[in-house]
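Me: I have a structure open and would like to learn how to read it. Could you walk me through some features?

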Amino acid sequence: MKIQFTDAQLALRDELRAYFRELMTPALRAECERDMGEGGGPLWREALARMGRDGWIGLGWPEEYGGRNLSPMEQFIFVEEVMRAGYPFPFLTTESVGPTLAEHGNAWIREDIVPKILRGELLVSIGYSEPDAGTDLAALRTTAVRDGDDWIINGQKMWTSLAHFCDYTWLAARTDPDVSRKHKGISMFLVPNSDPGWSCTPVHTLGGVRTNATFYDNIRVSDDHRVGELHGGWKLITSQLNRERLSLINFGPISELFNQVVQWARAAPYAEGGFIADQSWVQANLARSRALIECMKLIVYKQSWAMTAGTLGMADASAAKVFGSEGFIEVYRLLGEIVAEGGLLRSHSPGALEQAGRIERLYRTASIITFGGGANEIQRDIISAAGLWMPRASR
Amino acid sequence: MDFGFSDIQGELRALARKILDDSVSAGTLAAYDEFAAPRFDRGLWQTLLDSGLPGIAVAEEYGGMGLGFMELGLFIEELGRSIAPVPVLAHCVSGLLPLQRYAGSALQARLLPPAARGELLLTGDFWSGSGVPTVQAEATADGLRLAGRCPAVPFARQADWLLLPVGLADDIAVVLVPADAAGLRLTDLQMTHFEPHAAVELDAVSVPAADILVASGGESLVTWTRERCTAALCAQQLGSADHAMHLAAGYTSERKQFGVPIATFQAVGHRMADGYIDIECLRLCTWQALSLLGEERSATTEVQIAKIWAGDVGHRVSYACQHVHGGTGIDRDYPLWRYCLWLRFNEMALGSSASQTAALGRRLARGEGLFS
């Protein structure tokens, strides 16, 4: 038990901070801001490829994929720092779908697709949800039908975020038409978004972020594009979702925002005299935020350690997801109260302040992770069953 | 970054759990309910002393195991799980630790070995108030003379020696006073959780120079010790809360209403899931504080955060566990109720969540405790 970074890990963190100070040029920042913190622009792509060339994306990956063979903890430090720097890092591709592809993919996927991901040259969107299959994901109706050596895919997916600039979709499709087999009739495919049968329409959200509805019209793929066992897709979905739940809880940006709000409150005059940080309610909000973010940090550190030790449990991944998602919302509220009316100004408004403008957007985007990546109600079901061995109602 | 137990830590946890499981039960604890007897199981205490566990953090040259505060904290977590009636926090945390860290070699040689063996029981006035001494000292020809009152000292009635921080002009000294010193008077308190605490009144109590732990600059000793006392309360809270939650998980899995276990109702399962998350937060903050303090690293922020969680989690878990048990949870024939008393004590002692939040907030406003 030693809950501290090693000197080498601290040195890595410092090296990454220096790297990103140089990488994050004003032009790149402006482009990311324009793209609502989602990325996808030309400067963003160039920066991602540069991180890949410089060996950062695959820091914790085995050398056979082009990685540097360090542990998940070093990988985690890298993701923390790239996010802290304000770069919209495509962590779903690199940290959740990528490892699942490496674990279950065939030779083509392991030798071509995964190394391209680590070079920052290939992005994958996730096609799980459908208009009538959300929390009950196994109710999905998109089909893949065998035709000779190929598969013909038809269906519609919802909330396919980033799909408009991704190269492939990691798609869950029904391969056994017997719906009574539900969870046992799903297989996973890697579908090229460049296929003429693939299309998408934007869905605009409260936070200004674009997501997509995606359509799959008689897309023909070879069996090489199928991942894992036939009808064995559910295991891959839950494995990917466990990883996604961890990568959603990234404390780098929120700890940076916290530090900025503290420094701002210490220097900003309070209308009735003194500074904003002198107010007892401001101090209480800061301390409450500090205590919440500390736990986010420790939870993700512990899970990175558990991934290294091979002991990551389902209940703990779900606990991280619930705590982190609800914690973000609470912290944005607590910090938003401190920046007060400033947090009502859009970031491009005259008079907008940097951190207050960010909080204005964050309160609008924060709701997504309490239901995205698996609704928190389902996570709590998992926690009471897998963490406390309580029986649960059959569904 | 290592969240796992070393082999030795795993063995110590297993040893502590074995001894406590064998010796502590609802039946044995009932003997102390409503102050029927002082809540101190001397037989269990001797068994623990024989195992060496109370001397975990004492150097081998003084008869201890030579391990650190991390290991002591893991032992205390097990004590919290069993709410054992033994003076580990008073003796080991507020007695042995500052004596070992701050005493001169003569005092160490005289008191540490018998205290590590348990032949002398120690306690300290580090468990209440703000850290400002409530006892004043004045210099005499051969030492100090004390006057004042310590509002609540755990196991003061049972202890042989009391460690007392005392004001000395503008400075703080820390002294050792024998419990039978002339001019020292104890008043037994009736604490909510039945643990023996006493108010200590001192009227012209003489302290010879040889019994002065530190003659000046005692503020650092007080801060150092109170941070460890606070972290120890968090560890104790962690064990108690975790046990209460597992009682509730077990009960709701067995108890049937409408023909099914009540655990299958999402409203019940989710309340327990929230307890699970809460306790995981408390566990991580507490272990972090223990780890940093064990390595003598600065941990003021981390200890404050752990105590904020200890307070909030104790409160929420206590009432959630009582609630899902229905009347069974408050029935004194069922073990949960005693845990609720300890969850409350650990919540409030050495600063509630509100007061710790205020203290952390003041530091943040000074620019201290930001993320690195």
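Reply: Domain bounds here come from an automatic or database domain assignment. On that basis chain A is divided into domain 1 (7-89), domain 2 (126-231) and domain 3 (249-387). This is a predicted model, in which local features need pLDDT of at least 70 and side-chain atom pairs count only at pLDDT 80 or more, while totals for chains, interfaces and linings use all residues. Residues are numbered from 1 along each chain as its sequence is written, and chains are lettered from A and ligands numbered from 1 in the order in which they are written.

Me: How many residues do domain 2 and domain 3 of chain A give to their contact?

Reply: Two residues are in contact if their C-beta atoms, placed from the backbone, lie within 7 Å. Domain 2 of chain A gives 5 residues and domain 3 of chain A gives 5 residues. The centres of these two domains, taken over C-alpha atoms, are 33 Å apart.

Me: Which element of chain B gives the most to the side that touches chain A?

Reply: Helices are DSSP runs (H or I, at least four residues), as are strands (E, at least two), numbered from the N terminus. Here 42 residues of chain B are in contact with 45 residues of chain A. The elements giving two or more residues to chain B's side are α7 (219-254), α8 (266-294), α9 (300-325) and α11 (353-365) of chain B. Of these, α8(B) gives the most, with 14 residues.

Me: At what angle do α4(B) and α8(B) pack?

Reply: Two packed helices are described by the angle between their axes and the distance between the axes. The axes are lines fitted to C-alpha atoms over the stretch in contact, and angles run from 0 to 180 degrees between N-to-C directions. Helix α4 (residues 69-82) of chain B packs with α8(B) at about 145 degrees, the axes being 7 Å apart. Phe69(B), Met70(B) and Gly73(B) of α4(B) meet Leu290(B), Ser291(B), Leu293(B) and Gly294(B) of α8(B).

Me: Which residues of α1(B) are buried?

Reply: A residue is buried if 20 or more other C-beta atoms lie within 10 Å of its own, exposed if 12 or fewer, and partly exposed in between, with C-beta atoms placed from the backbone. The buried ones in α1(B) are Leu12(B), Ala16(B) and Leu20(B). They fall within an arc of 55 degrees seen down the axis, so they line one face of the helix; the arc is that of the directions from the helix axis to the C-beta atoms. What covers them includes α4 of chain B. On the other side of α1(B), the exposed residues include Asp7(B), Glu11(B) and Lys18(B).
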